[in-house]
Amino acid sequence: SHQKMMLWMRKTFEEAAGAMGLFWGGGVLLGGKLRQGTACLSPLPGVSAGNGCGHTLLTPHSGTLSSKNYPGTYPNHTMCCWRLQAPVGTSLLLAFGDVDLEPSEHCAHSSLLLTDTQTGTAYGPYCRNSIPSAPLLVTNSSTVTVLFNTTSHRSGRGILLSYATSQHPGMGAASSGTQRHPWDVPHLPLTMCFSVYCPAGCKDIHGDIWGNPSQGYRDTSVLCKAAVHAGVIADELGGQVTLSREKGITLYESAFANGLRSKRGSLSEKRLVFHKVCCLLSPACDDVLEIVAFNASSWWHEVDMLGQDRAWVAERAALSTTGHSWAAEPGTKAAWLELDLGTRKNVTGIITKGSSEQHNYYVTSYHVSSSRDRKNWRPYRGSSGQEDKVFEGNADSQGEVSNAFIPPIVARYIR
């Protein structure tokens, strides 16, 4: 087991009196070089292994990883190994969002070790009394192994790292920890645009966001997490985001969008506004599309206690409709609502809402399909392209929930 192997390595180190090195997975660290083996025993590229792994999303171009329970105290006697693999011809850049491991001599009790398996160069081990010298580590390799290892300890948040490739050098911070944010640059004029690369996996990292896409976000929000909420990047891919720093507002309203709930926040001096195309002062591609016709698998013909009829027909599905909405016939399985846009359109997102305050009905999740001819339907799979994407819907009948299509849908019919 991993535990037995780690005990063997620890025993070897303790008995090697006078040895100028540490044993990691069968390898020896001497003079910053790794010899006789690698830093991890297990994983394939883009895979993590071990019982100490926390939130992890690894892609060839970027990713985010953390220890188990982060930012809570990491567990005793645990390890995790991640192998990062970038495309051939590129090199990896790693951002240390947080490294908070209980101090010990030579970081022998809890440690973070990074190894460049192509050149044999090792970085670390790191812990609280031996922290990285800079928040960004620039390697010359497309393959880096990350090893997190612990024994008994009392405190420590653990680790949070993100990475990108040399194709995307302007990487944004995963957290508000040690990294300096681009908008903190002194004398940066208001409304001036700048660009940041956000790694994949920012949606589920620790940290808050205040605001919404239409208002902008409080400048204390986690930038890349706010970018996912705003719908300018997909969490599973990450990507380049363009934003401006503008004058703050008195109150930031909460909103649920793209699987994230932002907080309601008070006055701030500055706010962050994301731009979808060319850094225009108002986001592009946000016009509401006209729906020529509605169709549905069925509709509910309601007769209330007073004998009055109410038709929950497809046409009542328009967001601007007052009163009750569309609803399928009760008991219907695989119900669907179909929108005809008249001609082929570029569809970048969707907003859903429940029926009304009077009728507390709403849809909690849904799939999306599209068609150009209403005969052949293609399920939307998002940027991953592996499985049909399930969109998070509403949690009540009053609030609006938005979801972005990244990449956009090009079609006439949406179902």
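This is a predicted model: local features need pLDDT of at least 70, side-chain atom pairs count only at pLDDT 80 or more; totals for chains, interfaces and linings use all residues.
Residues are numbered from 1 along each chain as its sequence is written, and side-chain values use heavy atoms, with hydrogens and water left out.

Start with the overall fold. The protein has two helices and 31 strands. Helices (H or I, at least four residues) and strands (E, at least two) are DSSP runs, numbered from the N terminus. Of the 415 residues, 48% count as buried. Buried means under 20% relative accessible area, exposed means over 50%, and partly exposed lies in between (1.4 Å probe, protein chains only). Now take the contacts, meaning heavy atoms within 4.5 Å. Among contacts with a separation of 6 or more, 71% are between residues 24 or more positions apart.

Next, the cysteines. A disulfide is a pair of cysteine sulfur atoms within 2.5 Å. By this rule the protein has three disulfides.

Begin with Cys-53 and Cys-80. Their sulfur atoms are 1.8 Å apart, and they form a disulfide. The pair links distant parts of the chain, 27 residues apart. Cys-53 sits in strand E5 (residues 53-58), and Cys-80 in strand E7 (residues 79-85). The angle about the S-S bond is 95°, and the link is right-handed. Both Cys-53 and Cys-80 are buried.

Move on to Cys-107 and Cys-127. A disulfide joins them, S to S 2.1 Å. This link is left-handed, with -75° about the S-S bond. The two cysteines are 20 residues apart, and they link distant parts of the chain. Both lie in loops. Cys-107 is in the loop between strand E8 (92-100) and strand E9 (110-116). Cys-127 is in the loop between strand E10 (121-126) and strand E11 (136-138). Cys-107 has a relative accessible area of 3%, so it counts as buried. Cys-127 is at 0%, and is therefore buried.

Cys-198 and Cys-224 form a disulfide too, with sulfur atoms 2.2 Å apart. The torsion about their S-S bond is about -85°, so the disulfide is left-handed. This pair also links distant parts of the chain, 26 residues apart. Here a strand is tied to a helix: Cys-198 is in strand E14 (residues 193-198), and Cys-224 is in helix H2 (residues 223-230). Cys-198 is buried, at 0% relative accessible area. Cys-224 is buried as well, at 0%.

Cys-202 is itself buried, because its relative accessibility is 1%.

Finish at Ile-409. This residue lies in strand E31 (residues 400-414). Is Ile-409 buried or exposed? Its relative accessibility is 4%, so Ile-409 counts as buried. Leaving aside neighbours within four places in sequence, Ile-409 is in contact with Lys-345, Asn-346, Val-347, Val-368, Ser-370, Tyr-380 and Ile-414. Look at Val-368 in that list. Val-368 and Ile-409 are 41 residues apart along the chain, and their C-alpha atoms are separated by 9.9 Å.
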